[in-house]
Structure formats: structure tokens, C-alpha cells
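Subject: Structure handover

Hello,

Here is the structure I promised to pass on. Please open it first, then read my notes below.

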Amino acid sequence: MNITIVGTGYVGLVSGACIADLGNHVVCLDIDQSKIDLLNAGGVPIYETGLREVIERNVDTGRLVFTSDTQQAIEHADLIFIAVGTPADEDGSADLQYVLSAARSIGRWMKHFTVIVEKSTVPVGTCDKIAEAVRAELAVRFPNADQAPGFTIASNPEFLKEGAAVEDFSRPDRIVVGISKDENGQRALAMLRQLYAPFNRNHERTRVMDVRSAEFTKYAANAMLATRISFMNELANLADHVGVDIELVRQGIGSDPRIGYSFLYAGTGYGGSCFPKDVRALIRTAEEHGRELKILGAVENVNRDQKRVLVDRIFAHFGSDLRGRTIAVWGLAFKPNTDDMRDAPSRVVVAALLRAGARVVAHDPVAAEEARRVLALDLHDVPAALQQFDIVGKPMDALRGADALVIVTEWKAYRSPNWGALKREMQQAIIFDGRNLYDPHLMQSEGIAYHGIGRAAAEGSP
Ligand SMILES: NC(=O)C1=CN([C@@H]2O[C@H](COP(=O)(O)OP(=O)(O)OC[C@H]3O[C@@H](n4cnc5c(N)ncnc54)[C@H](O)[C@@H]3O)[C@@H](O)[C@H]2O)C=CC1
Ligand SMILES: O=C(O)[C@H]1O[C@H](OP(=O)(O)OP(=O)(O)OC[C@H]2O[C@@H](n3ccc(=O)[nH]c3=O)[C@H](O)[C@@H]2O)[C@H](O)[C@@H](O)[C@@H]1O
């Protein structure tokens, strides 16, 4: 099949590379010329396990092409995926300017019947707006509407996780397809079934529905996962006051198949490019219809406060004036195996420590460069604080002379440090663990003061 992906970000690039890997001819289009130049020079703009290999083997066979030439990209395709960003607007709603601009480009250049597949996460009703935008462009080119090429819009939201994106895309739990009831909808469904058949032989994973329900399903999924996390974080904070170990509670409730183990880890709050913005966008959709989503409002508030929990504990321990203190931070990316810093809890933690006068020495296996960039923006009002911020190349180097270690992201490299070396490097052996990486009993026997999230019952003083 000839396929074009509009938007070559996390979703577009992974989808494009994986779809080419199935034997299709894929053009990845982006308006960001520097991204296209980098890809054409053999670079990969994001860190994602296994992605480079998939890109390389498909570029080599000529099945995967990167371009900023909109006309060429749109004319190439029978099936066009829209995978551009839908960031939060100032009021929290999804900003659709990139999606609608992509739609206009399609209308401007499409030559034959085209199935337009909306993959970006978009509010209910957006596919109708895409159709309007395409139609408006076609009307300019074809004053006689009968002569215009036909099209249909399908919704096919993406559920991949960063850090495991190639694996998730290639082994989806479900493929949600929203189509119109008419003949063109059936045509779109047939093409999408054919496209995904290599990892969905009998279509058993396909959930076919109307377009609006498909659009909504994506928000419902992210909102449910975010809710589980905030729920556990709220219980973890209570656990600390009532002598309960939240980790035991997680295991105790997760064993009920109706609850399950996934997404029950208490921590420093959820971040990333999607949960925060999608929860807000769903709240906004409700407001636009005169309704209030009370649960999601609470989910968001709990998460905002949770990003401060580590900072509050550090202040409770050292006081809120951290001048003269050195704090080591392990992990900056919003989760392991990615360099994505969008809405990362580390931004709240590092900025608060620097504002309180601390020297912060951080480590992250891949997000260092991106972290420097975003923290410079976050701290633009206190440029002097940035001079107190260092990122080092090895986890142990961050500990030299530190008064405390703060763990924000659970990279594998942090799971079993050499405790003797850690104690030798640090001024004081204190760990504030925002991801509950370590066994509090082990910490006690190592003589390390340890503060996890919701683990007070297991902690005790060394
Ligand atoms: N990042 C993730 O893990 C997931 C993201 N999503 C959703 O997928 C969508 C895309 O997200 P990301 O890939 O993270 O975004 P991103 O920001 O990494 O990439 C978007 C790309 O689209 C390009 N673009 C913008 N307007 C364009 C246009 N008119 N023509 C061509 N290219 C254009 C941008 O230059 C950028 O490279 C969002 O709606 C997001 O909510 C869904 C599932 C997972
Ligand atoms: O729409 C999206 O973009 C994607 O959003 C999430 O994927 P992602 O943001 O890449 O990462 P997650 O693994 O879901 O983690 C999100 C945040 O929740 C936190 N988290 C996750 C799980 C948990 O138990 N506790 C917890 O605090 C993580 O640390 C991270 O900050 C969803 O998991 C994907 O299914 C979805 O496609």
C-alpha cells in the first residue's frame, strides 16, 4: 500500500517505520525541515528502543522516505495518517491548529480517492472538522464538486507508550477503528484491516465503532490510567500516616483480576506528553458541554501536588533554605527509556531545589541535553540558579559530596547501586526515592536513611 504519515514525531516516526516494515511504501512528511534533514542524514531525532534499526532497514530498501515536500507526500498516498501534535491550548483544550493545517494540505494536493486516518489524539467531533477543512480546499480546486476526488475520514487512535513504542505498535492489545456507516467507511475499514493484518491475522484485536466513540475511547483510556495513578498516590500519602506499606497494598489489590497490577505504582506523579494534556482536554470537553468531570478534576489536582511531594519532604528534612546544600538527582526524563521531558516531574523537583538555593547535580542516561534545554526555559526568571545545576555522565559522579540523593525516574541503571560506594561518595547517606526502587529493610541494614512514597511503615531509622 502507498501510505503517507503527516507528522514525523514520536507517533508518526514509529508508525511510519513499523508500517514500512510490513512491506508498504511509506512517506513520512514533516514541516520541520531540520528533522527531515536529520533523518535523511541517517540520524534519529528521538530516543526509542529498536527504532533506529527499523528505520535503517526500511530506508535501505527504499520503502521509507522522509520529506518536507507536502505535494509529493500527499499525491503518493492511498491512505494518509495524521499524526501531528495536539498540545494543550491555554484553556486546556486540545489545540487543533496542526491537525487542521494537515487537513488543509491534504485537500490542497490529493489527486484520487483517499482514506484519511486520524491518529493524533483529538476531541470528539474533530474528524468532522477535518472533513470540513478538506472539503473547503477541494471546493477551491474543483468548483464542480462532482469532479473532486472522494475521501473518507477514519479514526484510529494510537495507544503506544514511549520507551516501548516499536514493541507496542507492532503488538497492539487492540486496534480501535472508527468509521462512518457509508460505503466509504467500509472501504476505509477494509484498507486498515489489510494494513494491520500482519499483527492481527483474524482481526480479533480490531474494535470497530463509529468515529466519535473511537475519538472518545482514546481519552477514556488515558484518563483511566491517570486515575489509577492518582488514586494510588493519594492512598500512598495516607499510608505514610497510618503505618501502612503501599507496596504491600499494591500487591494485595493487584492480585484481584478485576483490578490487575498495571499502573498501580505510587510515585512522584505522572508526566509525559499525554496524560496531563489528555486529562485536561477531557475536562475541557465536558466544560464546553456544561458538565463537570469531578473525578478527573481530582486526578489532576492530586497529580499536581504529587510532583511536589519529594520537594516537601526534602524541605521538611533540611528546611526550605537549601543554600550550601548539594542534592543529587537520578533520572530526569518523564519515564525510563525515553529522552522526553514534556511535563516531567523532574522539572518541578529540580526547579524547586534550585530556587531554594541548592546545588543540583543530576544524571540521566539519555535526557541530559533535552533537560538542559527545558530547565533553562523553566528557570528563565532566575538565570543565576542555573549556574548551580550540573548534569554528569555517570550516576555515581552525581553523588560526590551530596547531602541527599533524589530518585525521580526509575532507569534500570539505578536499581542496584554499589551501596558502599554510594555511602563513600555522599556527605550524608539519605535517599528520597520517588519511585520506590529500593527495599526499605535493605536500606536500614545498609545504614542509609530512606524515604520512599507510601512506605513509611517499612522504613524505620537506620
Ligand atoms: N507521544 C506518544 O507517546 C503518543 C502520542 N499520541 C498522540 O499522537 C499525536 C502526536 O504526538 P507526538 O508524536 O508525541 O508529537 P510530536 O510533537 O513528537 O510530533 C508531531 C510532529 O508533527 C509535525 N507537524 C506539525 N504540523 C504539521 C503539518 N501540518 N504537516 C506535517 N508535519 C507537521 C511537527 O513538526 C512534529 O514533528 C498527539 O496527538 C499525541 O497526543 C498518542 C499516543 C502516544
Ligand atoms: O497517549 C499517549 O501518549 C500514551 O500515554 C501513555 O504512555 P506514556 O505517556 O508514554 O507513558 P506511561 O508508561 O503511560 O507513563 C506515563 C506516566 O505515568 C507514570 N506512571 C506510570 C505507571 C504507574 O504505575 N505509575 C506512574 O506514576 C510514569 O512514570 C509516567 O510519568 C499511555 O500508557 C499510552 O497507552 C498512550 O498511548
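One term before the notes: two residues are in contact if their C-beta atoms, placed from the backbone, lie within 7 Å. Angles run from 0 to 180 degrees between N-to-C directions, with axes fitted to C-alpha atoms. With that in hand, look at helix α13, residues 309-318. Helix α13 lies across β12 (404-407), β13 (430-433) and β14. Its direction is at about 155° to β13. Please keep in mind that this is a predicted model.

The sheet

Those strands belong to an open sheet of six. The order is β11-β10-β9-β12-β13-β14, and the pairing is parallel. Which strands stand at the edges? They are β11 (389-391) and β14 (449-451). Each has a single partner strand, so one side of each is left without a neighbour in the sheet. From one strand to the next, the twist averages 20°.

At the β11 end, the partner is β10, residues 359-363. These two pair in the parallel sense over three bridges. Ala 362 has Ile 391 in β11 as its bridge partner.

UniProt, in an unreviewed entry, annotates residues 328-440 as "domain: UDP-glucose/GDP-mannose dehydrogenase C-terminal". In the model, that span is 30% helix and 17% strand. Its end C-alpha atoms lie 19 Å apart.

Ligand 1

Ligand 1 is surrounded by 27 residues. The closest are Gly 7, Gly 9, Val 11, Ser 120 and Thr 121. By class, the shell has 11 nonpolar, 11 polar and five charged residues. Helices α1 (10-21) and α5 (97-109) each supply at least two residues. Which helix gives the most? That is α5, with four residues.

Helix α5 also packs on α6, residues 126-141. Their axes come within 7 Å and cross at roughly 35°. The crossing is right-handed. On the α5 side, the residues in contact include Val 99, Leu 100, Ala 103 and Ile 106. On the α6 side, they include Ile 130, Ala 133, Val 134 and Leu 138. Charged residues take part too, among them Arg 104 in α5 and Glu 137 in α6. Overall, the contact of α5 with α6 divides into nine nonpolar, two polar and five charged residues.

Ligand 2

Around ligand 2 there are 21 residues. Glu 162, Tyr 265, Tyr 270, Gly 272 and Cys 274 are the closest. The shell has 11 nonpolar, six polar and four charged residues. Its largest share, three residues, comes from helix α9 (residues 211-242).

The unreviewed UniProt entry also lists "binding site" positions. The listed positions spread over 177 residues of sequence. They are spread in space as well, up to 23.9 Å between C-alpha atoms. Leu 160 lies in the loop between β6 (151-155) and α7 (165-170).

One more helix pair

Last, look at α11 (residues 275-288) and α12 (residues 294-306). Their axes come within 10 Å and cross at roughly 145°. This crossing is left-handed. From α11, Val 279, Arg 280, Leu 282 and Ile 283 take part. They meet Leu 296, Gly 297, Val 299 and Glu 300 in α12. By class, that contact has five nonpolar, one polar and two charged residues.

Best wishes

Terms used
Residues are numbered from 1 along each chain as its sequence is written. Chains are lettered from A and ligands numbered from 1 in the order in which they are written. This is a predicted model: local features need pLDDT of at least 70, side-chain atom pairs count only at pLDDT 80 or more; totals for chains, interfaces and linings use all residues. A residue is near a molecule or strand if its C-beta atom, placed from the backbone, lies within 6 Å of it. Two strands pair if DSSP finds at least two bridges between them. UniProt positions are given in the numbering used here, feature names are shortened, and annotations may be inferred rather than shown by experiment. A crossing is left-handed if the near helix is turned anticlockwise from the far one by less than a right angle, and right-handed if clockwise.
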